[in-house]
Amino acid sequence: MALSRGLRCCQRVLAWVPVVIITLVVLWSYYAYVCELCLVTLTNPIEQVAYLIVFHVIFVLFVWTYWKSVFTLPLQPDKKFHMSYADKERYENEERPEVQRQILVEIARKLPVYTRTGNGAIRFCDRCQLIKPDRFIEMVNNCVGFSNYKFFLLFLMYSLLYCMYIAATVFKYVIKYWTDELTNGRSKFHVLFLLFVAVMFFVSLMFLFGYHCWLVSRNRSTLEAFSAPVFQNGPDKNGFNLGFVKNFQQVFGEEKKLWLLPIVSSKGDGHSFPMRTLCEAQNPLLANEEQWGDDGLDEENRGKIAQGN
């Protein structure tokens with residue numbers, strides 16, 4: 001018990017190491033750009049003011065989105081997804097797996113859940129004792145989900161813009177330092193390294209941001225991109241794909257004035273999601289649980305269901 005508690009404590013501490021490293025890099029980049037570039041290297045007052053104003057606008061948006069991504073708590077399942085005391089007792093006292101599955105089906109009839117596990121069972125979390133809402137996974141530390149996915153995307157976007165702006169405005173002074181047109185030794189180190197770090201992060205973030213833009217366009221989570229969600233007719237990687245515009249609105253909402261700000265505007269409650277086809281939206285999974293082979297459906301009835309689909 002003590003060992004397990006110690007490991008969990010170490011895990012929590014180590015989870016913050018990347019956050020601390022990123023924070024230190026950002027603080028250094030702020031010092032290098034504002035002090036060593038704008039206040040020491042630049043000599044034109046108009047250029048100094050212009051550089052600083054644009055930099056601080058981007059910097060504030062960058063830090064704001066980063067803060068919201070890290071400290072926005074993941075959405076927790078609603079109370080209605082938790083089992084009642086009576087249902088919990090009935091489920092735990094039952095030893096036959098098929099009867100346990102039937103108990104979960106009965107409970108889930110009242111809930112807006114449309115997906116199942118790969119073998120057709122209701123998605124259930126033994127640790128939390130609840131029916132898993134669609135697209136919910138176990139949370140570790142502060143993962144990205146419905147409550148902060150918009151903030152995470154904006155963080156990636158403003159990170160790219162931050163790196164691109166620094167690289168674009170620093171480049172000509174790197175050339176001047178490289179050709180010995182400028183000779184300040186201390187500032188030279190900061191400016192050269194600033195360009196290197198900006199370009200390095202820009203390249204890596206560009207691929208990550210591009211990948212998540214693709215996920216948004218298809219309305220998929222990272223897990224769904226690797227393993228398609230299971231519906232009535234089996235796995236369907238496009239089950240939540242509503243078309244580009246509606247997919248975009250699922251994350252960013254319909255109010256255009258909020259799209260670029262880390263303010264909650266995503267559509268929905270994070271517990272249920274609109275699906276691609278009307279037949280799936282009627283929740284036939286829970287009404288026709290017998291169609292799954294594991295529930296003992298005979299071949300004749302399977303054929304009827306196949307014809308009905």
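A residue counts as exposed when its relative accessible area is over 50%, as buried when that area is under 20%, and as partly exposed in between. These words will guide the walk through this structure, which is a predicted model.

Start with Arg-186. Its relative accessibility is 53%, so Arg-186 counts as exposed, because the cut-off is over 50%. Its partner is Glu-36, and the two form a salt bridge. The closest N and O atoms are 3.2 Å apart. This pair links distant parts of the chain. Arg-186 sits in helix 7, which covers residues 185-218, while Glu-36 belongs to helix 2. The two residues are 150 residues apart. Glu-36 has a relative accessible area of 0% and is buried.

Side chains of opposite charge can pair when their charged atoms come close. In this model the count comes to six salt bridges.

Another of these bridges joins Glu-106 and Arg-90, at 3.6 Å from N to O. Glu-106 lies in helix 5 (residues 97-108) and Arg-90 in helix 4 (residues 85-93), so the bridge ties together parts that are 16 residues apart in sequence. Both ends are partly exposed: Glu-106 has a relative accessible area of 37%, and Arg-90 has 38%.

Next comes the pair Arg-96 and Glu-94. Their salt bridge brings the closest N and O atoms to 2.9 Å. Arg-96 is partly exposed at 47%. Glu-94 is buried at 16%. Salt bridges that share partners also build a network, made of Asp-87, Arg-90 and Glu-106.

Trp-16, Val-20, Leu-24, Leu-27, Trp-67 and Phe-71 make a nonpolar patch of about 650 Å². Helix 2 (17-41) and helix 3 (45-71) each give two or more residues to this patch. Helix 2 supplies the largest share, three residues. Leu-24 is found in helix 2. With a relative accessible area of 54%, Leu-24 is exposed, because that value is over 50%.

Last, the cysteines. A disulfide is a covalent bond between the sulfur atoms of two cysteines. How many disulfides does the count give? The count comes to zero. Cys-163 is buried, at 9% relative accessibility. Cys-213 is partly exposed, with a relative accessible area of 36%.

Notes
Residues are numbered from 1 along each chain as its sequence is written. This is a predicted model: local features need pLDDT of at least 70, side-chain atom pairs count only at pLDDT 80 or more; totals for chains, interfaces and linings use all residues. Side-chain values use heavy atoms; hydrogens and water are left out. A disulfide is a pair of cysteine sulfur atoms within 2.5 Å. Buried means under 20% relative accessible area, exposed over 50%, partly exposed in between (1.4 Å probe, protein chains only). Patches are made of residues with over 30% relative accessible area and no salt bridge: like charges are joined within 9 Å, nonpolar side chains (Val, Leu, Ile, Met, Phe, Trp, Tyr) within 5 Å. Accessible areas come from the Shrake-Rupley method with a 1.4 Å probe; for residues, only the protein chains shown count as cover. A salt bridge is a side-chain nitrogen of Lys or Arg within 4 Å of a carboxyl oxygen of Asp or Glu. Helices (H or I, at least four residues) and strands (E, at least two) are DSSP runs, numbered from the N terminus.
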